[in-house]
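Here are a few notes from going through the model. Have it open while you read.

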Amino acid sequence: MREICKMIGLKEPEIEEKGLFVVLRIYRKVTSASSLFSENSVVAKTKSEVIRDEKDKIFELLIGDKQVTVKDIANKIGITEASVQRRLKSMQEDGLIKRIGSKKSGYWDVKL
């Protein structure tokens, strides 16, 4: 396994015992924006940070296209349609956005 990892440039898997459990860490090549960080740096976000980032992205999309659909938002930011709907509902409750008209022919009123 070590030789294979070295050949393809991956960090070797790690096995750690924690009480009754075993933790296995398997590394992969980074192929996204996080590749800008060093191999040893840890980039972790809390759930609330991830949700805030998703809401920010949704807000930007709504500013750019007030008639954007839930499906389009989900595809553009890479989350499920149900997650988009939850974020939109939360944003409406916070008074950031308001839906004007029907789901099909309406638009988003974005509070700037």
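1. Strand β2 (residues 21-25) is hardly covered: of its 5 residues, the buried count is 0. Buried here is under 20% relative accessible area, exposed is over 50%, and partly exposed lies in between (1.4 Å probe, protein chains only). Strands (E, at least two) and helices (H or I, at least four residues) are DSSP runs, numbered from the N terminus.

2. This is a predicted model, where local features need pLDDT of at least 70, side-chain atom pairs count only at pLDDT 80 or more, and totals for chains, interfaces and linings use all residues. Residues are numbered from 1 along each chain as its sequence is written, and side-chain values use heavy atoms, leaving out hydrogens and water.

3. What does β2 pair with? Strand β1 (residues 14-18) runs antiparallel to β2, joined by 5 bridges; pairing takes at least two DSSP bridges. E16 has V23 as its bridge partner in β2. The two strands form a hairpin with 2 residues between them, and G19 in that turn has a positive phi of about 60°.

4. Now helix α3 (residues 70-77): its buried residues are I73, A74 and I77. They fall within an arc of 100° seen down the α3 axis, so they line one face of the helix; the arc is taken over directions from the helix axis to the C-beta atoms. These buried residues pack against α2 (47-64) and α4, with contact meaning heavy atoms within 4.5 Å. K71, N75 and K76, on the other side of α3, are exposed. Just after α3, G78 takes a positive phi of about 75°.
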